[in-house]
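Hello,

Here is the structure I promised to pass on to you. Have a look at it first, and then read on for what turned up.

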Amino acid sequence: MINVTVANFEAEVIAASMHTPVLVDFWAPWCGPCKVIGPILEKLETEYGGRFKLAKIDSDQEQQLAAAFGIRSIPTCVLLVGGQPVDGFMGALPEGQIKAFLDKHLPSEEELAAQAEAEEAQQLLAQDGADAGDALDKLARAVAQAPDNNDLRFELVKQYISHGLFEDAHQALAPALAQIPVQLRFEALAHWLAALEFVGQDPRGQWPLEQFDELIAQNKRDFDTRFAKSRLLVAIGEWPAALDELLEIIMRDKQWGDEAPRKTYIGLLELMTPPAPKADPAAAGKSSGGIALSGKAAMQEDPQAELVSRYRRKLSMALN
């Protein structure tokens, strides 16, 4: 538990919530219900063993913070995750109801253990000369501990594909593809995997690109050859060129191959899209709860994001 003021608010609440959920308890010395709920919150912070951090704000002394959160009565508790308020409650709730509130938002012990395994795996993968097998084993254990964590499963499948472990990738991908609806990012992985397997299994996977071009020059509507060429381009890492080839098919016949070119195109764009940057308290103007934050970062154009945006526009024009 930590007492928070304007001076340490950004460090102890906003920045801290990027890594661990922070429960902010607005209270006042004269508030009777605050004296009831305060010890319960402190007890739960200990019992939950680091799954959340408790921050206490004296609303009388820190009226600027209370106003920023729109506090109208106390006690009021607000939970912040990733620098943003996600939920809250008012009044001195009984311990059971507070636990239910926390359990709805906090990661379980299994999820925390899985996340720790995943972070160790990422550190290994980032090291030159590190054993990728150990890292992949850690990622696999993380998914086994938290099988419903789609972020971990996506990373595991992506790494399996990147390391050429296609059978392992299929097995890890299967539960995600069985979900209804299937998440686009997993469909994207399936298209990537299919392209790599095609190149390894089909004789055309060994063709030089010029051989494809000769056939296409003879028949612009040789979609089978165009599609095969796009898969080879995916396999050798020439993804924009693969998108161009897929676009040629889409413009000429949107329905060809049960729309496989369009689906593959969308999948490639999904995998090419750079991840959203983690929230930076110094880069924002205000949080969703109206908390004023210092600093304002200049928006910089990401070349990869611009490339993806350009190809999205091309697809939209081809489909309209």
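A residue counts as exposed when its relative accessible area is over 50%, and as buried when that value is under 20%. Please keep in mind as you read that this is a predicted model.

With that cut-off in hand, take Gly200, which sits in helix 9 (residues 184-201). Its relative accessibility is 64%, so Gly200 counts as exposed.

Together with Glu109, Glu110 and Glu111, Asp148 forms a negative surface patch.

Now for the chain as a whole. What does its secondary structure come to? There are 14 helices and five strands. The radius of gyration is 26 Å, whereas the globule rule gives 20 Å for 320 residues, so the chain is more spread out than a compact globule. Along the principal axes, the C-alpha atoms fill a box of roughly 85 × 40 × 40 Å. As for burial, 40% of the 320 residues are buried.

I hope this helps you find your way around.

Best wishes

Notes. Residues numbered from 1 in each chain as written. Predicted model: local features only at pLDDT ≥ 70, side-chain atom pairs only at ≥ 80, totals over all residues. Heavy atoms only, no water. Patch = residues over 30% accessible without salt bridge, like charges linked within 9 Å, V, L, I, M, F, W, Y side chains within 5 Å. Areas by Shrake-Rupley, 256 points an atom, 1.4 Å probe, with all protein chains shown as cover. Salt bridge = Lys/Arg side-chain N within 4 Å of Asp/Glu carboxyl O. Lys, Arg positive; Asp, Glu negative; His and termini not counted. Charge placed at Lys NZ, Arg CZ, Asp CG, Glu CD. Helix = DSSP H or I, 4+ residues; strand = E, 2+ residues; numbered from the N terminus. Rg over C-alpha atoms; globule rule 2.2 N^0.38 Å. Buried < 20%, exposed > 50% of the residue type's maximum accessible area, 1.4 Å probe, protein only.
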